[in-house]
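Work through these exercises with the sequence and the 3D view side by side. Each task is followed by a solution in steps.

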Amino acid sequence: LGLPWSIFEASSPALKCGDGVHFFYSDWAPMHLPSRHRFPMDKYSMTRNILESEGRGLLLAGPLATVEEACLAHDRDYVESVVTGTTSDSMRRRVGFAEAPMEAYVLRTLASLGAT
């Protein structure tokens, strides 16, 4: 994939309680899906834009989840197949994003998980 391994090792930021409401967004990592795709990816940037325009808290770009963080929610074999770019086409079809370029799929998957 050409992605530096260090992006999969960085920790998510620790935020202090009492700093108000924080919203993490992952639309900084576009999936590059075809316009005819059934998944409405635009809803994420639309939601962020509304929150931003209404001043409803601090908006932060979601960090990439680390491999260890991803393994808290997903099977290690699946996580490793994602971060190495070896996820099968059938698996990508099953989650609905077979049309996305592999690098975009990896970044958006980890960005979405890191922003959760």
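**Exercise 1. The cavity lining**

How do the residues of the lining of the largest cavity divide into nonpolar, polar and charged?

Solution. Keep in mind throughout that this is a predicted model.

Step 1. Find the cavity. A search of the whole structure turns up one cavity of 30 Å³ or more. The volume of the largest cavity is about 40 Å³.

Step 2. List the lining. The residues are A70, H74, Y78, V79, V82, T109, L110 and L113.

Step 3. Sort them. Six are nonpolar, two are polar and none is charged.

Step 4. Assign them to elements. At least two lining residues come from α3, and at least two from α5.

**Exercise 2. The overall layout**

Solution. 

Step 1. Count the elements. The protein has five helices and two strands.

Step 2. The order is β-α-β-α-α-α-α.

Step 3. Check burial. Of the protein's 116 residues, 35% count as buried.

Step 4. Look at contact range. Take the contacts with a separation of 6 or more: residues 24 or more positions apart account for 72% of them.

**Exercise 3. Helix α3 from end to end**

Solution. 

Step 1. Begin at the start of the helix. A side-chain oxygen of D75 comes within 3.0 Å of the backbone nitrogen of D77.

Step 2. Classify D77. This residue sits in α3. D77 is exposed because its relative accessible area is 59%, and the cut-off for exposed is over 50%.

Step 3. Turn to the buried side. Y78, V79, S81, V82 and V83 are buried in α3. The buried residues of α3 pack against α2, α4 (89-95) and α5.

Step 4. Recall the helix geometry. An α-helix has 3.6 residues a turn, so residues three or four places apart point the same way.

Step 5. Go past the end. G85 follows α3 and has a positive phi, near 75°.

Step 6. Take one distance. D77 and T87 are ten residues apart along the chain, and their C-alpha atoms are separated by 9.6 Å.

**Exercise 4. Two alanines**

Is A29 buried or exposed? Is A104 buried or exposed?

Solution. 

Step 1. Apply the cut-off. A29 counts as buried because its relative accessibility is 3%, and buried means under 20%.

Step 2. Find the partners of A29. Beyond its neighbours within four places in sequence, A29 is in contact with L107, R108 and A111.

Step 3. A104 is buried because its relative accessible area is 8%, and the limit is under 20%.

Step 4. Find the partners of A104. With neighbours within four places left aside, A104 is in contact with P30, M31 and H32. A104 and L33 are 71 residues apart in sequence and 9.3 Å apart, C-alpha to C-alpha.

**Exercise 5. The pockets**

Solution. 

Step 1. Take the largest pocket. Its volume is about 540 Å³. It is lined by 24 residues, and S26, Y44, R108, S112 and L113 lie nearest its centre.

Step 2. Assign its lining. β1 (22-25), α1 (42-53) and α5 each supply at least two residues. The largest share, five residues, comes from α5.

Step 3. Sort that lining. It divides into 15 nonpolar, six polar and three charged residues.

Step 4. Take the second largest pocket. About 160 Å³ of space lies in it. Of its 13 lining residues, M31, H32, L33, M41 and D42 lie nearest its centre.

Step 5. Sort the second lining. Six residues are nonpolar, four polar and three charged.

Conventions:
Residues are numbered from 1 along each chain as its sequence is written. This is a predicted model: local features need pLDDT of at least 70, side-chain atom pairs count only at pLDDT 80 or more; totals for chains, interfaces and linings use all residues. Side-chain values use heavy atoms; hydrogens and water are left out. Buried means under 20% relative accessible area, exposed over 50%, partly exposed in between (1.4 Å probe, protein chains only). Helices (H or I, at least four residues) and strands (E, at least two) are DSSP runs, numbered from the N terminus. Contact means heavy atoms within 4.5 Å. A polar contact is a pair of N or O atoms within 3.5 Å; within protein, one must be able to donate a hydrogen and the other to accept it, and residues adjacent in sequence count only if both atoms are side-chain atoms. On a 1 Å grid over the protein atoms alone, a cavity is a set of points where a 1.4 Å probe fits but cannot get out, and a pocket is an open set with protein on both sides within 12 Å along at least five of seven lines; lining residues have an atom within 4 Å of a point. Grid points are joined across faces, edges and corners, and a volume is the space filled by probe spheres set on the points. Ala, Val, Leu, Ile, Met, Phe, Trp, Tyr, Cys and Pro count as nonpolar, Asp, Glu, Lys and Arg as charged, and the others, Gly among them, as polar.
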